[in-house]
Amino acid sequence: MPGNRPTADVVATPRATLDEIRRIAALVRSETIRLIEVAKSGHYTSVFSCAELLGALYGGILRLSDDPDWVERDRLVLSKGHMAVGVYPLLAERGYFPAQWLEEYTRVGNPLGDHPDMRRVPGIDFSSGSLGHGLSIGTGMAQAARMRALPSRIWVLLGDQELNEGQIWEAAQAAAHFGLGNLVAIVDRNQMGLDGLTEEVMTVEPISDRFRAFGWRVTEVDGHDPDAVWRTLSAVPATDSGRPTCIVAHTVKGKGIGYMELSRSWHLGYLAPSDAADATRELEQLDV
Amino acid sequence: MSSAARYRAPEPSHERSWDMARSEQLARSAVAGNVLADLADEDERIAVLTADLKFSNRTVDFERRHPERFLNVGIAEQHMVTMAAGMATVGYVPYVATFASFVGLLCAEQLRTDLAYPGLPVRVLAHHAGISLGFYGTSHHATEDLGLLRAVANMTVVCPCDAASTEAALRATVDHDGPIYFRLGRGRDPDVYAGAGDERFVVGRLATLRGGDDLTIVANGVTVPAALEAAATLAAEGVEATVLDAHTIRPFDGEALCAAAAGSGRLLVAEEHNVIGGLASACADALVDGGVGDVRLARAGMPPDEYALIGPPTHLYRHYRLDAEGLAARARELLEQR
């Protein structure tokens, strides 16, 4: 069954929806910890910053069905592909592939790697990992969906430091030039790259002004507030609105584990079982 | 702000004056735009993208007939390749066209990561390949693209040498599953094949254009007509050369190459590419892998550590001995060895 896409005039977020967003976000964080225990290396913090965004997307924003290849579905391009570990459990939960795959995450021959492979993983709309490509992919999907008169919306999840990549802006100019109202870029503004704070590594601000100057409609949101995220993602204009939308989601890299939040050293890491257990308990107290 | 630029009809005041419109009239072998437009009449999956070069590559011919499936992305080649990949996932078979240097080299990562790795049916029209842009210089030359792409899994690489083989290659591969890199000339290539139905041209197979027992000349692209002319010159001297058009570099028809080489024992490989990594390397690989010994292989192409001189293309082909006269001379040298 297609997902129940909310209409733009929704103001209040239903309680059940908020509960679902929180449930998914909690699942994303706890499963990320569990799966990285298998891999013994992974991008916890880049997943934690976008957990509520994933909660809203998979909690009803994305137009999906039981068939991961349904042509009229919404597409979600994980341009910051290193957060795929947070998406795999949601795809398994939807029945797109056997949950058993999760148990052997990153082990030899398993379809699930740190960066996602569309040919191996049902529900992954594009293979990603090399930063800077996702917005061009989304632009192509949005253009093609419009040419085929599909109702699909194309969502692209971008990292913030990723905005340093020049190709992002090639895509930004094209999406505006072609008037792709069915394209939505969500910037996970978690404030950090690998080497440190974005503005110290290489300036990305003013993100909103940059996208606006390229001709995009831009909104900003607290990316950890389920209600605000739901209302913002629900309020994107109709797919034929003629302008692409950029949502800058203000988030915290590592959100949920105190010592990981905005910590340079936790871009990549591993929690041994005892620390993983402590982290899981800490996450159970997280109130978003 | 509106542009004051106007499109005018060509009005040269002197017969030797020229503008781009007149130049384009010379590009008679740049047929891809029209061929794709013909195919698109029957196939709604076909779309064409270019990067501010629609007149140079004649994709404007496609635009005129199918404007709703034509996209000019501006000077943004990497975006163009990746955007085409996105379109391919939604059911299109996109053809992206720009200079070979600006796609085979500039977009190497996009070709690998966004087309070949996911195995998407995007086709690249990499035109003005090799040193065919002459005195526009090394920035506009592509003499390394085959070397790069030979190592890319899932990639098919085809180098048609004239209008007929370009059309045949495009028509034969519309339904191919993965990406294809078509390496094309500048559009002023003489006819080699009789037409798009010429049975000698089959994608994936070496085409034997002439038979002879004394040596084998393997060529592709711009060196094919030169090789045929060289073979005719040699024939007048009593030397009979086989001429093979090795248009498909990947996958390479190593079996046929070995069979041809084993006969003459003399192989002259002529390519508009660095002599490392391209056609000569493909031949050498095939010979070694095929266990064919006792073959002399001579490499005609761009020297390993040289970027081309400044000069008009035909003068450069002469300088680097890639024209008929140069290839005939290289053939004589090869026959004199041992």
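## Core and helix packing: worked exercises

In this predicted model, the largest nonpolar core has 191 residues. Those with the most contacts inside it are A:I186, B:I217, B:A227, B:L268 and B:L327.

**Exercise 1.** List the contacts of B:A227, leaving aside its neighbours within four places in sequence.

*Solution.* Apply the cut-off: C-beta atoms within 7 Å. B:A227 is then in contact with B:I217, B:A219, B:V243, B:A270 and B:L327.

**Exercise 2.** Describe how helices α10 (residues 254-264) and α11 (residues 279-289) of chain B pack.

*Solution.* Start with the geometry. The angle is about 80°, and the axes are 9 Å apart. Angles of 65 to 115 degrees count as roughly perpendicular, so α10(B) is roughly perpendicular to α11(B). Next, find the contact residues. α10(B) supplies B:G254, B:L257, B:C258 and B:A261. α11(B) supplies B:C283, B:A286, B:L287 and B:D289. Last, sort them by type: 6 nonpolar, 1 polar and 1 charged.

**Exercise 3.** Decide whether helix α8 (residues 163-172) of chain B is largely enclosed, and find what covers its buried residues.

*Solution.* A residue is buried if 20 or more other C-beta atoms lie within 10 Å of its own. The residues of α8(B) that pass are B:A163, B:A164, B:S165, B:T166, B:E167, B:A168, B:A169 and B:L170. That is 8 of the 10, so α8(B) is largely enclosed by the rest of the structure. The cover includes α2 (32-42), β5 (156-158) and β6 (180-183) of chain B.

Definitions and conventions
Residues numbered from 1 in each chain as written. Chains lettered and ligands numbered in written order. Predicted model: local features only at pLDDT ≥ 70, side-chain atom pairs only at ≥ 80, totals over all residues. Core = buried A, V, L, I, M, F, W, Y, C linked by C-beta atoms within 7 Å. Buried ≥ 20, exposed ≤ 12 C-beta atoms within 10 Å, placed from the backbone. Contact = placed C-beta atoms within 7 Å. Axes fitted to C-alpha atoms, helices over the stretch in contact; angles between N-to-C directions. Helix = DSSP H or I, 4+ residues; strand = E, 2+ residues; numbered from the N terminus. Parallel < 35°, antiparallel > 145°, perpendicular 65-115°, else oblique. Nonpolar A, V, L, I, M, F, W, Y, C, P; charged D, E, K, R; others polar.
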